[in-house]
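Here are my notes on this one, in the order I'd go through them with you at the screen. Have a look at the chain first, then read on.

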Amino acid sequence: VGKKVQAIYLWWHKPVIDKELLQSLPNLKVIANSGVVMDHLDLKLVAGFGVKMANAPRAVSSTTADTGMALLLASARRLVEVHNIAISPSIEYCEADILGVKVAGATLGIIGMGSIGYRIALRAKAFEMNILYHNRTRRNVQEEQAVGATYCKKIDSLLQQADFVMLVVSLTPQTHKLIGKRELELMKPTATLINISQGAVVDQEALVAALQSGVIRAAALDVTSPEPLPRDHPLLKLKNVIITPHLGIKTDKATYMITEEAVENILAALSGLPLPSEVLPS
């Protein structure tokens with residue numbers, strides 16, 4: 001049926017798009033992705049076959065921002081730890097052993113102030129947090145004032161001041177292992193690292209060492225490298241880590257909206273119209 005296929009809807013990186021598949025689909029016009037991140041696609045390879053590509057940015061921003069705030073709050077109040085205490089056969093404990101940290105009045109540093117990062121800032125403002133952000137391009141003054149955010153031109157300044165550091169960047173050669181040993185050592189020993197971008201943005205070996213030695217207080221990760229982690233990975237054994245299985249966009253409404261957005265892009269491509277969310281190779 002290869003000659004009949006004109007569109008592919010990618011769900012969770014399936015099917016794998018390689019040269020062999022593209023060669024077998026001579027009438028393919030568009031590949032629509034179920035999400036924003038496109039690092040599982042060789043964009044130049046796909047474009048070389050004259051195939052357009054699209055993602056689904058409108059559907060995922062708010063849901064992913066919710067995930068980021070959920071991880072921040074869960075880590076601050078140690079919800080996984082205290083849940084395990086509450087359901088254990090013996091609930092004898094010392095309250096001082098399960099003290100969390102206050103969120104209101106704390107400083108949140110957002111690295112990557114795109115659509116998702118800005119929605120996180122909106123949520124953080126409602127929690128009375130002080131907001132710093134680092135981005136390739138600075139937001140305009142009106143947008144900054146709307147969420148009370150302060151721009152940090154250098155990432156080091158943000159890392160040194162933030163109580164919570166939230167990673168919301170795309171994975172590129174420039175952001176691969178963006179947070180390593182040096183960056184972790186710049187953070188406060190009371191700080192928490194939250195990653196909702198891509199696992200490879202963080203040097204995981206350096207993160208393990210920092211969490212074990214008290215360089216930082218905790219980490220909350222919706223993404224790892226690889227996914228899932230090997231069952232013997234040291235991150236899975238640390239009490240000061242929360243790991244979720246890439247939940248970012250996974251709600252019933254977001255899934256429906258992603259599919260709608262993908263269909264919109266596919267129909268546009270098949271009709272020879274501009275794609276609402278076209279992604280071009282860099």
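1. A word on labels before anything else: helices (H or I, at least four residues) and strands (E, at least two) are DSSP runs, numbered from the N terminus. This is a predicted model, so to speak on its own terms: local features need pLDDT of at least 70, side-chain atom pairs count only at pLDDT 80 or more, and totals for chains, interfaces and linings use all residues. Residues are numbered from 1 along each chain as its sequence is written, and side-chain values use heavy atoms, with hydrogens and water left out.

2. Most peptide bonds are trans, and most residues other than glycine have a negative phi.

3. On to phi. Arg78 has a positive value, near 55°, and is not a glycine. Its place is the loop between helix H3 (57-76) and helix H4 (79-87). With a relative accessible area of 18%, Arg78 is buried (buried means under 20% relative accessible area, exposed over 50%, partly exposed in between, with a 1.4 Å probe and protein chains only).

4. Glu128 has a positive phi too, about 60°, although it is not a glycine. You'll find Glu128 in the loop between helix H5 (115-126) and S5. Is Glu128 buried or exposed? Exposed, at a relative accessible area of 59%.

5. How many aromatic pairs does a search of the whole structure find? Two. The rings of Tyr9 and Trp11 have their centres 6.1 Å apart and their planes at 65°, so this pair is edge-to-face. The rule behind that: rings of Phe, Tyr and Trp (its six-membered ring) pair if their centres lie within 6.5 Å, and planes under 30 degrees apart count as stacked, over 60 as edge-to-face and the rest as tilted. Both partners are partly exposed, Tyr9 with a relative accessible area of 28% and Trp11 at 39%.

6. Tyr133 and Tyr151 make a tilted pair, 5.2 Å centre to centre with 50° between the planes. This pair links distant parts of the chain: Tyr133 is in strand S5 (residues 130-134) and Tyr151 in strand S6 (residues 149-151), 18 residues apart. Tyr133 is buried, at 0% relative accessibility.

7. The domain assignment gives domain 1 (2-59 + 250-279) and domain 2 (60-243); such bounds come from an automatic or database domain assignment. Taken over C-alpha atoms, the domain centres are 31 Å apart. Twelve residues from domain 1 and five residues from domain 2 take part in the contact, where contact means heavy atoms within 4.5 Å.

8. Thr64, in helix H3, is worth a click. Thr64 is buried, with a relative accessible area of 7%. Which residues does Thr64 contact, leaving aside its neighbours within four places in sequence? They are Ile116, Ile196, Gly248 and Ile249. Thr64 and Asp222 are 158 residues apart in sequence and 9.9 Å apart in space, C-alpha to C-alpha.

9. Pro276 is in the segment after helix H10 (252-270) and is partly exposed, at 42% relative accessibility. Not counting residues up to four places away in sequence, Pro276 touches Arg58, Glu264, Asn265 and Ala268. Between Pro276 and His176 there are 100 residues in sequence and 29 Å in space, C-alpha to C-alpha.

10. Last, the inside. The structure holds one cavity of 30 Å³ or more, and the largest cavity has about 30 Å³ of space. On a 1 Å grid over the protein atoms alone, a cavity is a set of points where a 1.4 Å probe fits but cannot get out, and lining residues have an atom within 4 Å of a point. Grid points are joined across faces, edges and corners, and a volume is the space filled by probe spheres set on the points. The lining residues are Asn195, Gly199, Val202, Gln204, Leu207, Leu221 and Val223.

Conventions. 1 Å grid on protein atoms, 1.4 Å probe; cavity = no way out; pocket = protein on both sides within 12 Å on 5 of 7 lines; lining within 4 Å.
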